[in-house]
Amino acid sequence: MLEVFFTLFLMMLLSLISTIAVYLAITERNLLRAVLFSALQSMCYAFLYYILMAPDIVLVYVPVSVGLYPAAILFLIRKTKECE
Amino acid sequence: MLLRRLITVSVLIVFIVLTSYTITALNVLGELPPRGLRPLALWFLNTSITPWLNYFSAMAPETVTAIVWDYRGLDTLFETAVFYFAIIASIALFRGIEEKRGGGYVGLSKIVRVVSRVLLPINIVVAASIAIHGTITPGGGFQAGSAMAVAPLILIIVFSRFFLKEKGLSKNLLIALRGAGLVGIGVASILALALGLLSGGYAFIFQNQPKEAAPTGLPPDVLGFPIAGTLFIFNVCEFIAVFAGFTIIFILLSIPEDVAREALHGEH
Amino acid sequence: MASIDLYMFTFSIIVISMIVNLAISLYGVLVKPNIVKKIISLTILGDSANTFAILVGYRATYPVSPPVQLNVPPSPSDVSQLTGLSVDPLPQALVLTAIVIGLAVNLFLIFLAIQIYRLYGTLNMREIARVKGGQHE
C-alpha cells in the first residue's frame, strides 16, 4: 500500500513540475534558458512515461527530446546569432 | 518580474489542484483509470505469442514491436518514408557546400577527449543490443538508431567537424548507408511473397507467419532465440537507416555560417 | 479517501496539467514573434498530445505490468496472467509513429529557419512581414 501511495504521489509531483517548466520556457526572453527549461520538461515527461508502464516510448523519448532537439536548436541559435 | 512569475506559477498550481479535487469529489467522470481492458487490446495480447493458435499468432514476446512491424506494418513503412523525405529536403537546402581543413588546433581539452574515448564504444554496444533484442525486450529499430545518434554528435563537438570525414564516414557514404537500410526494409516486406510464389502457393505482402489462406511463412526462432520471422530484419535495417539519417543532419548543421554564405553567393 | 479515489485524484491532476501545458504551448506558437520560440513551443505541443494518448492506455490494477511476455514459450496460464495485469499496447505503438513524424517535421523546420535567416537577416516575424509586405507595389 505504501508503494502505491509513493508512486501516485510521484506522478502528481512530476506533472506539476512539468507545468512550471513549460510556463517558464514560454515566457523566458533569453533563448538559451528557454531551451534548458524545455529539456527539464522533457526529463519530467520521460520519467512519467516510465511510471505509466511504456518502456518503448521512454527509449525513444530520452535520446530524441533530451539530446537531439536541444542540440539542434542550440546549433540554430548559434548560426543565427540570436540573443534576445 | 520575479514576483509576477511567482504569483502566476502559484495561481496555476492552485487552479490545477482545485479542479482535480472538484472532479474527484463530485464523481462525474465514472471510473477514471479503468480496471478492465478494451476488446481490441485483449485481442492483441491474446495472440501476440501463443504457439497453440496456429494461424493467428505473431510469435513475438514483445507486443508493441509486433504491433508496429507486423499487425500495422504499413503505417511504419510510410512513417519511415516521411522521415526519409525530410532528410532529402534538408540535404537539398544545403547542397554544394564543401570545406577544406585549415591549420590550427581544434577541439576540446585532453580530459574530455580521454573520457569520450572510453564512453563512445559503450554507447555503440548498448545501441546495437537494443536493436538486436528488439523482439524479446522493449526496444527495436528506431530506439536503437536514436540512441546511437548521440555518438557522432559528441565526436563533432569534442574532436572536430573534420574528424568523421578523416575516419571515412563522409556524407556520400552515409547517404548510401541510408539507402541500403531502406532497400533492406523493402526486400524484407516482400520476402514471404517471393518464397510463397517460388513454392507455387499464395502469399501476402508484409506477411510474417503462416496464415490460413497462405501457408508459407518465415521461421519464428533460430537456434532457440525468438526472432519472429521478418521482425529481426526490420529492426536491424531500421537501426542502420536512422543512425545514418541523424548523422547527415548533424554534419550539415555543424558547417559554420560564413563558409556556407560564400558557397551560396557563388551560385548567384 | 478510499484507494480508488486516490487513483482518480492523481489521474485528474495529470489530465488537467496536460491541458494547461497544451494551452500554454499553443499560446507560444501563435503569439510570440520569434521563430526559434515558435519551434520550441511546437515541440512541447506535440509532446503533450502524445502524453494524452499514452494516458488513455493506463490501467488501475495492482501490480501493473508493461505488455511484455516473460516466459518463452508460454503456457495458457502465463497468457491469462499477462492479460490480467498488462496495460494497453496499442496507444504506445501509435505514439511511436507520431513521435517519429513530429521529429521529421521539426528538423525540417529548423533547416528552414536557417534559410529564412540567410534571406532576410532577421528571425522576427513582424519585421519579415514588414519587409515582405512592402514589396507588393
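**Exercise 1. How many residues of chain A are in contact with residues of chain C, and how many of chain C are in contact with chain A?**

Solution. The model is predicted.
Step 1. Count both sides: 38 residues of chain A are in contact with 41 residues of chain C.
Step 2. Assign the chain A side to elements. Helix 1 (2–26), helix 2 (31–51) and helix 3 (55–80) of chain A each give two or more residues to the side that touches chain C.
Step 3. Find the main contributor. Helix 3 of chain A gives the largest share of that side, 14 residues.

**Exercise 2. State which secondary structure chain A has, and in what order its elements run.**

Solution. 
Step 1. Count the elements: chain A has three helices and zero strands.
Step 2. Read from the N terminus on: the elements of chain A run α-α-α.

**Exercise 3. Compare the radius of gyration of chain A with that of a compact globule of 84 residues.**

Solution. 
Step 1. Take the reference value: a compact globule of 84 residues would have a radius of gyration near 12 Å.
Step 2. Look at the extents. The C-alpha trace of chain A spans about 55 × 25 × 10 Å along its principal axes.

**Exercise 4. Find what percentage of the residues in chain A is buried, and how far apart in sequence its contacts reach.**

Solution. 
Step 1. Of the 84 residues in chain A, 48% are buried.
Step 2. Take the contacts in chain A between residues at least 6 apart in sequence; 49% of these join residues at least 24 apart.

Notes. Residues are numbered from 1 along each chain as its sequence is written. Chains are lettered from A and ligands numbered from 1 in the order in which they are written. This is a predicted model: local features need pLDDT of at least 70, side-chain atom pairs count only at pLDDT 80 or more; totals for chains, interfaces and linings use all residues. Two residues are in contact if their C-beta atoms, placed from the backbone, lie within 7 Å. Helices (H or I, at least four residues) and strands (E, at least two) are DSSP runs, numbered from the N terminus. The radius of gyration is taken over C-alpha atoms; the globule rule is 2.2 Å times the number of residues to the power 0.38. A residue is buried if 20 or more other C-beta atoms lie within 10 Å of its own, exposed if 12 or fewer, and partly exposed in between; C-beta atoms are placed from the backbone.
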